[in-house]
Every structure is written in C-alpha cells, then in structure tokens.
Amino acid sequence: MNQGRRRFIHGLASLGAGLFAAQAAGSAQHEQHMQHEKKSVAPRKPVASDKPAVTFEPEGILKPVFTPDVTSLPYKVDNGVKVFKLVAEPVKRQIVPFKTMDVWGYNGSCPGPAIQVNRGDRVRVVFDNHLPESTTIHWHGLEVPIEMDGVPYISQPPVPPGGRFVYEFTLNQEGTYFYHSHGAMQEMMGMIGMFIIHPKKPYVPRVDHDFGIILQGWAILPNNNVPNTAGMEFNWLTFNGVSSPATTPMLVRHGSRVRIRIVNMGMDHHPIHLHGQQFYITGTEGGRAPESTWYPTNTVLVGVAQARDVEFDAIYPGDWMLHCHLPHHMMNSMSDLLQDRMIMTAATSEERALSQMQTMAETVGFEHVHHAPIAPKANEVSGFPQDAFMEMGMDELVAKPETYGLPPNWSAGMMGMMTLVRVLPPEKYDKVMAMKQRPSEKKPSRNHGHPGE
Ligand SMILES: [Cu+2]
C-alpha cells in the first residue's frame, strides 16, 4: 500500500508520529551462557552505507555472483577453513537521493554483504553483535548441525550486545541461500544477506552473467527514518537496499546467457517481471531445479522466504525493465518530499500542484522536473490526475557508469522495486565496464532534453 503516494496527490499529507522510534534504551545485559568470550558493548553509532563499498570479487569462485549496490564478504583461509567476520550493527542506508533509512544490517551494509563459497567448503563465521539487543544468525535452507541453526534458546543462547558466537559448518549443498536474524522484528529492520554456494562445476548451459537481488519492503512514515517494523503499509520497496531510480542497472553483453537470483525477505510476495524476453526458473531456495521442470515465463512470484533463480539468453538488445509488478511496489513514497508542508489538491489546480512539485524537487537538488503532456482540459475528466505529475526525473542525481547512454529523463518513471537489465552491444558493454574502472568518468555529462524533443 502506498498511501504516501496517494496523499501526495490528494493533499492529505499528514504528519504521522513515529510509533516505533526503536531507541532501545539501556541494553540490560542479562547473564548469558555464551560459548565464547564477551567483549565490551560496542558503540551504537550507525555505519553509513550511503555509498556502497567497492564490490569485493570473491576469490576461488568460478563465476562470482554480482550483487548490485551490495558487496560480497571477504574471507581468510585458516587451516583449510574459510573464515568470515560478520558484524551485526545499525546502518544508515540511502535508498533514493531524498530518503535515508536508519536500519540494521551487517558490516555497514543493509542488506548484509553476500557470502559466496563453493560446495564442499568448510566455513567459519565469526559473528559479533554490535546491536543494542541480542540476536542470532539463522542459515536459511542450509543443512547444518542443530547447534548452528541460529534459533535463540532452541539451538543456542542469544548473542548479547557486545557478544560473539562462532558458527562453523561444512557445505554439502549448492544454490541460492541466505542468512538472517531469527527475530521477526530484526528481519524487518533489514537483517539479511545472501549466501551463495557455487557448484564445483558450472551448470550447463553456462551463464556469462550471474546477478543477485534481495527484495525488501519498509513502512516508514514521512519525516521518519526508522522503519515501523510492526506496520503493514509498505511505502518503500527496495532491490538490494535501494529503490529505483537509485538501483544500479545490470549490464549484460548482447548474446550472453544471464542468471538472476532473487531472494525475498519481506512481508509481501513479489511477482518479478522482466520485459522483452522469456526466462526459465532454474533454481529455488532448495537449490538447482532439474531441467525437466523448466518452462518459459516472464514473471516469477518470489514468495516470502523464497529464492528463485531465473535464466535467459540475452538475444534482444535494449534497456529492459526488471520490476515487481504489484502497482504499489512500482512507486516511491513521495510524501517524504513534503517535509512539513501541505500540498495543493492537484485535481483543482494542476499548475499550482506542478509548481509546488518543482519547488520540492529543488530542495533535494533535482535538475528540474518534467512531466509528460496533459490534455488542455484535463481537469474536466473524472479521475484525473493518475500518473500525471508522478514523474520525478533525477538523471543527474543517480548517474553512474551503469546509467551511461540512457535516454534523457530515463529516471522519471523508475520507482520502487525496479531496475534495468541493459543488454548492450559488445562495444558499448566494454566501454561502460571500462568507465567503471575509471572513477573520473563516473558522472557522464549530457544534455538534459525534454520528453518528446
Ligand atoms: Cu512487490
């Protein structure tokens, strides 16, 4: 439900009070029977992840999964065991240029960094809790000993603030899995990350590109940054912790084979739709699906706690949308732009509404706001406006190498759970990949034209 968006149009923007300030006061440390040493309680200062860290390329993996806007977790090898350090902590996450969330995550990232390993690996995760309350990590779908299952009291004592727990297990599976806190509210605060187990030999047909996306929904009132984890009215929907148009497009070389792994860790199910081609569902949260079960489709319903791998041959060049098809998940809550002001009722005076929108856009540094043409007497038509005035072009604000060469005002209609799969001719693909290596070219300047010009 995107009430914020509707309020924006109908002039009902209200200053709702944050129900859950989530300022857990005084983390009373009860005596815990921990297996491992306690450290002093860490400061609770959020870690800024407004600028996602440089993506870590996992070593020793045949074809690492690229997770846009989220990095992968490095490891060290100790006596044949891959050792990861995972820290639960508060995180500041900018989801679009005009909205930053105070959420919880791992290693300064929300969602947490992807863990990528190979089948057969022995893995040790040294887990530190820098949250103001106890937590554990559950390894979703992994066949691990009960002591490693990460369910408080059932399989282990809760890890207190400042505490440490060492998880260790051998992986005899392969596929798209994930880790998350086993507290329901902490899950809704963002405490999840991908756990990808690569096969020893690549699957046939081999893919050239492998991407991973985590789906999350957030209920955040205007003028608030902390999600209401008890709320059911999700007004912010993210791919890997960002909403469109801030999502980083996925670059694909024309003619290559692509896999996209999608994990849902929210309160809603999401029908994820790809434009312009058919794909096959080649895996679930239970691992690789036998080829006899594959069938062509272009929308995959990713239910809560599920993972779906889809594959396709990128034979059609173009900038193809990949998005959740629930209408309210294709929007951003623009009432945040209102701050403490009321908005005109657009239906009675679209010119005033538009000028207000431009004023708001200026406050967050949009270049300017275009709108698609409307009829001369639009107000005489019942129901007007619908999508008119909804467009919020901000190409310059979200420019990065991956957006190079997109048409002017491309960002105007991109909102919510949405990104682009850019199937690029080889020359253009190579050019953009080279730009990614050269930070000086990160913000290509170009003329900002008007639609229809
Ligand atoms: Cu959705």
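A: Happy to! Let's start with S7 and strand S9 (residues 175-181): they pair in the antiparallel sense, over four bridges. Strands here are DSSP runs of E with at least two residues, helices are runs of H or I with at least four, and both are numbered from the N terminus. Two strands pair if DSSP finds at least two bridges between them.

Q: Before we go on, what kind of model is this?

A: This is a predicted model: local features need pLDDT of at least 70, side-chain atom pairs count only at pLDDT 80 or more, and totals for chains, interfaces and linings use all residues. Residues are numbered from 1 along each chain as its sequence is written.

Q: Thanks. Back to S9, which residue there does isoleucine 137 stand opposite?

A: Isoleucine 137 stands opposite serine 181.

Q: And what's the strand order in the sheet with S7 and S9?

A: The order is S5-S10-S9-S7, an open sheet of four strands with mixed pairing. At the edges are strand S5 (112-118) and strand S7 (137-140), each pairing on one side only. Neighbouring strands are turned by 20 degrees against each other on average, direction ignored. For such angles, axes are lines fitted to C-alpha atoms, for helices over the stretch in contact, and angles run from 0 to 180 degrees between N-to-C directions.

Q: What does phenylalanine 195 touch?

A: Leaving aside neighbours within four places in sequence, phenylalanine 195 is in contact with Ile115, Trp139, Tyr177, Phe178 and Tyr179. In contact means that the C-beta atoms, placed from the backbone, lie within 7 Å.

Q: Which residues touch the most other members of the largest nonpolar core?

A: Those are Trp104, Phe178, Phe195, Leu215, Val252, Ile262 and Val263, out of 86 residues in that core. A nonpolar core is a set of buried Ala, Val, Leu, Ile, Met, Phe, Trp, Tyr and Cys residues joined through C-beta atoms within 7 Å.

Q: How much of the chain counts as buried?

A: 43% of the 453 residues. Buried means 20 or more other C-beta atoms within 10 Å of the residue's own, exposed means 12 or fewer, and partly exposed is in between, with C-beta atoms placed from the backbone.

Q: New topic: how many helices and strands are there?

A: The chain has four helices and 22 strands. Five of the strands form another open sheet, with mixed pairing, in the order S13-S22-S21-S15-S19. Its edge strands are strand S13 (250-253) and strand S19 (299-302), each pairing on one side only. The twist averages 20 degrees from one strand to the next.

Q: What packs on that sheet?

A: Helix H4 does, touching S13 and S22, and its direction makes about 140 degrees with that of S13. Methionine 433 lies in H4 (residues 426-437).

Q: Why is methionine 433 classed as partly exposed?

A: Because methionine 433 has 14 other C-beta atoms within 10 Å. Methionine 433 and proline 401 are 32 residues apart in sequence, and their C-alpha atoms are 7.7 Å apart in space.

Q: One last thing: what forms a hairpin with S16?

A: S17 does, with two residues between the two strands. Strand S17 (residues 287-288) and S16 run antiparallel, joined by two bridges. Threonine 284 has glycine 287 as its bridge partner in S17.

How values were computed
Two residues are in contact if their C-beta atoms, placed from the backbone, lie within 7 Å.
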